[in-house]
Amino acid sequence: MRTPTDVLRSEHEVILRALALLEVAAARPAGAEPPDDWWERAGDWLRWFADRSHHAKEERSLFPALIKAGLSSPGGPVDVLLEEHADARALVRAMRGAPAAARAARRYVALLRRLIDKENGVLFPLAEALLDERAMAAADLAAGLGVR
């Protein structure tokens, strides 16, 4: 059976593939940029999948379960990740039309790669150590992440 953190890691893989596409588009030379509507469509997908689906699962299910388990402190891991999610939302909003879109995309790619590294390498192992099956069920973590 897949765990909630397995689901989130799988979603990270999808997001990383999208980041690779953003990186290629942002690196195109002047005069060869993607059309403006490409950036809008990319931003729509990022808002839908990375934010409203993936980040929402973390913010509504995983983060509250970790806080309930005692991982709560001002400026702690959950606060830092929430701030980075907000920064990511702002960068997606900034991805409207070249050349501003390319600059925002480069910053977004760097931010999300760092964020994914932190979540995969630190937060998810911590969650797996802190949250037993009972804690996940009590927080409805598995249901909130589409596992069951």
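Everything here comes from a predicted model.

Let's start with α3 itself. Spanning residues 77–94, it has 18 residues and runs 26 Å from its first C-alpha to its last, close to the 26 Å expected at 1.5 Å a residue. Its buried residues are Val78, Leu81, Glu84, His85, Ala88, Leu91 and Val92. Looking down the axis of α3, these buried residues sit within an arc of 135°, so they line one face of the helix.

Now for the pairing with α4. The axes of α3 and α4 lie 9 Å apart, and the two helices pack at an angle of about 155°. That angle is over 145°, which makes α3 roughly antiparallel to α4. Their crossing is left-handed. On the α3 side, the residues that meet α4 include Leu81, His85, Ala88 and Leu91; among their partners in α4 are Ala104, Tyr108, Leu111 and Leu115.

Here are the helices with their residue ranges:

| Helix | Residues |
|---|---|
| α1 | 4–26 |
| α3 | 77–94 |

One more spot to look at is His12, which sits in helix α1. Is His12 buried or exposed? With 1% relative accessibility, His12 counts as buried. Leaving aside residues up to four places away in sequence, His12 touches His54, Glu58, Ile116, Glu119, Asn120 and Phe124. Glu119 turns up at the α3–α4 contact as well, as one of the α4 residues there.

Methods
Residues numbered from 1 in each chain as written. Predicted model: local features only at pLDDT ≥ 70, side-chain atom pairs only at ≥ 80, totals over all residues. Heavy atoms only, no water. Helix = DSSP H or I, 4+ residues; strand = E, 2+ residues; numbered from the N terminus. Expected span 1.5 Å × (residues − 1). Buried < 20%, exposed > 50% of the residue type's maximum accessible area, 1.4 Å probe, protein only. Arc of directions from axis to C-beta. Axes fitted to C-alpha atoms, helices over the stretch in contact; angles between N-to-C directions. Parallel < 35°, antiparallel > 145°, perpendicular 65-115°, else oblique. Left-handed = near helix turned anticlockwise from the far one by under 90°. Contact = heavy atoms within 4.5 Å.
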